[in-house]
Amino acid sequence: MLPVIFKITVYLNKMKRFLFYGMAILIASSCVKDARDKFEKLHGAKWSGTYAAPLVNVDLNLNDAVGLVNGFAQLGNYQNNLIYLAYDKKEYSIWGYEMVKIPDQNYNENYALNGTEQTTLTGGSFTLTKEWNVPLTTNGILEADSVYFSKGLLKPYINNQYNHPCSGTITFPDVRLNNNPIVFNFNIPAYTQFNADTLLNLVKMNLTQTSQNFGEFKMQVSVTWTNSGQGFSSGDLVSMGLNINNANFNRIYGLFGSPNLVDAEDSLKTEIFGAGLTSGSVNFDDPRLKVTVDNNTGIPLELQTSVLSANVPSSGAVNITNYPATFNVAAVAFANAGQTIRDSFLLTKSNSNIKTVIDQKPSAINYKLKAKANASGSQRNFINANSRIFVNVVLELPFSGIAADVVLEDTAGFEVESIAEVDYVDWITFRVNIENQMPLSIGFQGYFMDSAYKVLDSLFQPFRYIANAATVDAGGNVVQSFKDGYDVTFDRAKLKRIQSATQLRFRAVVPTASFNGSQIPVKISTNQHLYIKLGVQTKLSAHEEF
């Protein structure tokens with residue numbers, strides 16, 4: 001096993017960045033302590049030994065280098081495998097179940113038999129038939145036409161305050177399960193209340209069957225009293241009503257009006273032009289700004305974009321041209337509820353000034369937009385409980401372009417371990433074999449710094465390119481990979497100099513390949529790889545006197 005000398009402490013999402021920058025220092029395992037323990041049991045012994053082992057066998061492509069610069073960048077690839085760097089920001093509406101709420105509610109009607117009806121009951125029996133239009137309260141929709149419930153309880157009741165038994169039915173002709181109206185039968189004694197409940201799961205409520213034509217459903221009650229011979233008292237009556245509790249919907253249909261379902265003003269940070277890129281120029285040949293709307297509601301949308309600009313450090317805000325001020329997105333048809341309609345507009349160098357803007361290295365893309373419902377006029381629509389509208393602003397930077405004199409820098413925490421064991425190390429040599437299939441040269445240097453950021457030593461002396469770019473043709477396409485191998489040696493003196501290091505500053509230079517001595521736009525695809533094989537050899541020695 002090999003000695004533990006030090007370790008680099010970095011966040012996981014930075015590890016591939018540093019592998020791509022160049023060679024991070026990797027020294028494995030724990031045998032120095034074991035060797036020292038053996039030495040302490042000997043006196044007057046001289047010992048030396050050389051150990052070697054492979055450490056890293058890595059296959060990287062640009063997908064592994066998303067972290068070359070700070071920020072929430074993503075990588076994708078087009079159908080031709082050309083890779084692009086994407087910065088995106090997603091705006092979204094609230095969920096459908098948050099947009100419309102069905103609060104707990106109750107409805108009650110009292111009825112007292114008149115003299116004629118009491119006389120009829122005294123003669124044997126009397127049947128009362130009543131129908132009421134019950135309002136359904138819904139918050140977030142102007143007029144509700146129908147509700148498809150996912151949960152809830154419908155709880156009707158009859159409170160018989162007559163000293164005569166009764167029986168009958170409570171019917172909800174507009175509240176249906178499997179297209180059958182919900183009906184309750186009751187048979188109760190005098191001075192007794194009947195209570196019932198039913199789950200609203202999978203129940204459909206039609207709210208358009210009353211004269212109002214929205215927001216109401218019918219409750220029909222038939223009560224038959226049988227004379228008990230007890231007569232009547234002042235205040236006798238019957239109470240009839242219902243409660244609805246804990247109701248949610250799967251789908252609701254009606255008049256929503258024209259609210260702004262998305263209303264956003266924000267910036268899309270382009271960190272590739274920020275702190276990570278300290279000098280040089282990057283030219284992207286075909287940048288693209290895309291705004292995509294996903295609509296899975298039954299509401300037609302109008303995307304209204306009032307601001308689309310870039311923050312350019314040298315000149316301030318620069319307007320991006322030729323974006324549509326309004327952009328229509330169709331509604332999902334009722335028969336296709338649950339599906340999503342996606343539409344978008346795309347700004348390229350052929351229809352806007354986006355390339356000119358990106359060439360100025362903006363620090364951010366600014367936008368202000370709204371997704372307005374029913375912008376063309378009021379109409380009746382639907383939403384599902386899981387409906388949500390997404391607006392995605394994406395800046396795509398395809399890796400087809402030129403990088404010249406580009407310097408990328410970053411700092412990682414660096415922790416030295418087992419300091420005393422350095423005395424047993426004569427030297428450590430890293431052997432590196434590289435095959436680079438990408439049209440990018442990789443020049444690299446690392447600086448060991450103490451807690452005051454004072455440079456103690458460097459990784460390479462002098463700075464070097466650890467991999468030259470692959471050879472390209474006149475069209476920027478790779479025709480031959482670059483292969484090389486070399487050694488990097490740390491002697492005991494160098495190891496001692498970096499014992500107090502707490503930071504490791506990485507500095508990478510990544511120019512693109514040239515053709516016949518001139519830089520041309522090159523293309524980087526997912527088929528191109530950087531292969532790194534890293535091995536380590538170390539010599540340990542000790543001399544202890546008896």
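The model is a predicted one. The count of aromatic pairs comes to 11.

**Tyr162 and Phe232**

- Tyr162 and Phe232 form an edge-to-face pair, with 6.2 Å from centre to centre and 85° between the planes.
- This pair links distant parts of the chain, 70 residues apart.
- Tyr162 is in the loop between β7 (143–160) and β8 (166–177), while Phe232 is in the loop between β13 (216–226) and β14 (238–255).
- Tyr162 has 0% relative accessibility, so Tyr162 counts as buried.
- Phe232 has 27% relative accessibility and therefore counts as partly exposed, because that class lies between the cut-offs of 20% and 50%.

**Phe327 and Phe345**

- The ring centres of Phe327 and Phe345 are 5.8 Å apart.
- Their planes stand at 75°, and the pair is edge-to-face because angles over 60 degrees count as such.
- Phe327 belongs to strand β20 (residues 326–329) and Phe345 to strand β21 (residues 341–347), so the pair ties together parts that are 18 residues apart in sequence.
- Both Phe327 and Phe345 are buried.

- Tyr148, Tyr253, Phe334 and Phe382 are linked into a cluster by ring pairs.
- Arg251 lies over the face of Tyr148, 5.4 Å from the ring centre.
- Arg251 also lies over the face of Phe334, at 4.8 Å from the ring centre.

Methods:
Residues are numbered from 1 along each chain as its sequence is written. This is a predicted model: local features need pLDDT of at least 70, side-chain atom pairs count only at pLDDT 80 or more; totals for chains, interfaces and linings use all residues. Side-chain values use heavy atoms; hydrogens and water are left out. Rings of Phe, Tyr and Trp (its six-membered ring) pair if their centres lie within 6.5 Å; planes under 30 degrees apart count as stacked, over 60 as edge-to-face and the rest as tilted. Helices (H or I, at least four residues) and strands (E, at least two) are DSSP runs, numbered from the N terminus. Buried means under 20% relative accessible area, exposed over 50%, partly exposed in between (1.4 Å probe, protein chains only). A charge sits over a ring if NZ of Lys or CZ of Arg is within 6 Å of the ring centre and within 35 degrees of the ring normal.
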